[in-house]
Amino acid sequence: MDAGGGRPAASPLDTVAAAFKSRVMELQDLVLARSMFPATAMPDLASVDASVTAMESRVQDIRRCLQEELDAIPKAKLIERSLKQQEKLQHMLANVPSGMHVDVFATHLEQSSSRMLPERFNFSSSVPEYNECELKIKEEPVTAPKKGRAPAPRWYISTEELDSLSSYMRGRLTLEKVNIAINEVASYADANAHLVTCPTNKLSEDKWDKALELRKIAATEAVKGKPFFLEVDIKGPGLKLDQTGKAILTVLRHLGRFHETRIGRHRVFILKKQA
């Protein structure tokens with residue numbers, strides 16, 4: 001806005017267009033003047049031609065600058081998305097339970113940085129180092145996600161989030177217990193997704209009934225395309241349907257890690273992705 005008139009200031013492109021229009025009108029006046037004074041027609045025509053050539057060159061420069069700006073927009077958006085992904089991965093790495101491997105997250109973090117960002121934006125040097133003896137796998141192995149399908153989100157909570165809960169809701173829960181539970185429910189969702197997408201002829205007979213039931217649930221409007229697990233899937237070791245397990249589920253629901261619904265006889269938990 002202009003300080004005096006209160007009207008919006010003209011953009012650089014509008015200014016150039018106005019100058020261009022003014023110059024064209026000036027050239028038109030020169031052409032008319034040339035016809036009135038035949039003796040000076042040829043020198044005036046040469047002057048007009050030089051002016052038009054200079055203006056054409058200026059317009060080409062403006063178009064080239066605009067094209068360079070347009071070409072830079074996708075690169076800027078890519079860098080912005082990469083930085084957001086970097087922030088999410090660093091959050092996961094900072095809050096991953098000590099009973100789990102973090103080298104997986106560190107590797108993914110480094111690959112993501114080197115692949116998607118220029119060298120000056122690489123944050124791999126900021127990844128904290130962990131003692132290998134502290135990073136032992138406690139969870140059971142889970143079927144690897146099918147190629148082309150993203151694994152269930154593991155949106156770990158931070159110390160700040162846990163501290164923000166009321167003492168009544170937090171109880172004796174620790175960051176370690178809650179994040180191990182998050183990893184476990186994500187493994188349930190990965191296993192269910194495998195049963196939903198796996199061809200029937202590749203399933204063992206004892207899995208047919210559950211696979212059919214899961215496919216009916218996955219086809220409902222509330223669940224379609226989303227990672228989910230059932231209450232009956234919760235069998236430990238990190239999360240059980242005891243008093244502590246129910247408290248963990250309450251905390252995760254309160255912190256927005258999932259929402260739940262009931263489909264038929266099943267209580268279904270639908271995992272949410274990190275915002």
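1. How many residues does helix α7 have, and how far does helix α7 reach from its first C-alpha to its last? Helix α7 spans residues 205-218, which makes 14 residues. The reach is 20 Å, close to the 20 Å expected at 1.5 Å a residue. Note that this is a predicted model.

2. Four residues of α7 are buried: A211, L214, I217 and A218. An α-helix has 3.6 residues a turn, so residues three or four places apart point the same way. The cover over the buried residues of α7 includes α6, β1 (228-230), β2 (258-263) and β3.

3. Next, the cores. The largest nonpolar core holds 24 residues. Within this core, I157, F229, L239, L252 and L271 have the most contacts. Two or more residues each come from α6 (175-197), α8 (243-254) and β3 (266-271). Helix α6 gives the most, seven residues.

4. Another core lies apart from the largest one. This other core has 13 residues, including L203, L214, V223 and I263. L214 is also one of the buried residues of α7.

5. L239 deserves a look in the viewer. Leaving out residues up to four places away in sequence, L239 touches A181, E184, V185, Y188, I234, G245, I248 and L249.

6. The structure holds one cavity of 30 Å³ or more. The volume of the largest cavity is about 80 Å³. Its lining consists of P153, W155, I182, V185, A186, L252, R257, F258, L271 and K272. By type, eight of these are nonpolar, none polar and two charged. Helix α6 supplies the largest share of the lining, three residues. L252 and L271 line the cavity and are also among the residues with the most contacts inside the largest core.

Note on methods
Residues are numbered from 1 along each chain as its sequence is written. This is a predicted model: local features need pLDDT of at least 70, side-chain atom pairs count only at pLDDT 80 or more; totals for chains, interfaces and linings use all residues. Side-chain values use heavy atoms; hydrogens and water are left out. A nonpolar core is a set of buried Ala, Val, Leu, Ile, Met, Phe, Trp, Tyr and Cys residues joined through side-chain atoms within 4.5 Å. Buried means under 20% relative accessible area, exposed over 50%, partly exposed in between (1.4 Å probe, protein chains only). Contact means heavy atoms within 4.5 Å. The expected span of a helix is 1.5 Å times one less than its number of residues. On a 1 Å grid over the protein atoms alone, a cavity is a set of points where a 1.4 Å probe fits but cannot get out, and a pocket is an open set with protein on both sides within 12 Å along at least five of seven lines; lining residues have an atom within 4 Å of a point. Grid points are joined across faces, edges and corners, and a volume is the space filled by probe spheres set on the points. Ala, Val, Leu, Ile, Met, Phe, Trp, Tyr, Cys and Pro count as nonpolar, Asp, Glu, Lys and Arg as charged, and the others, Gly among them, as polar.
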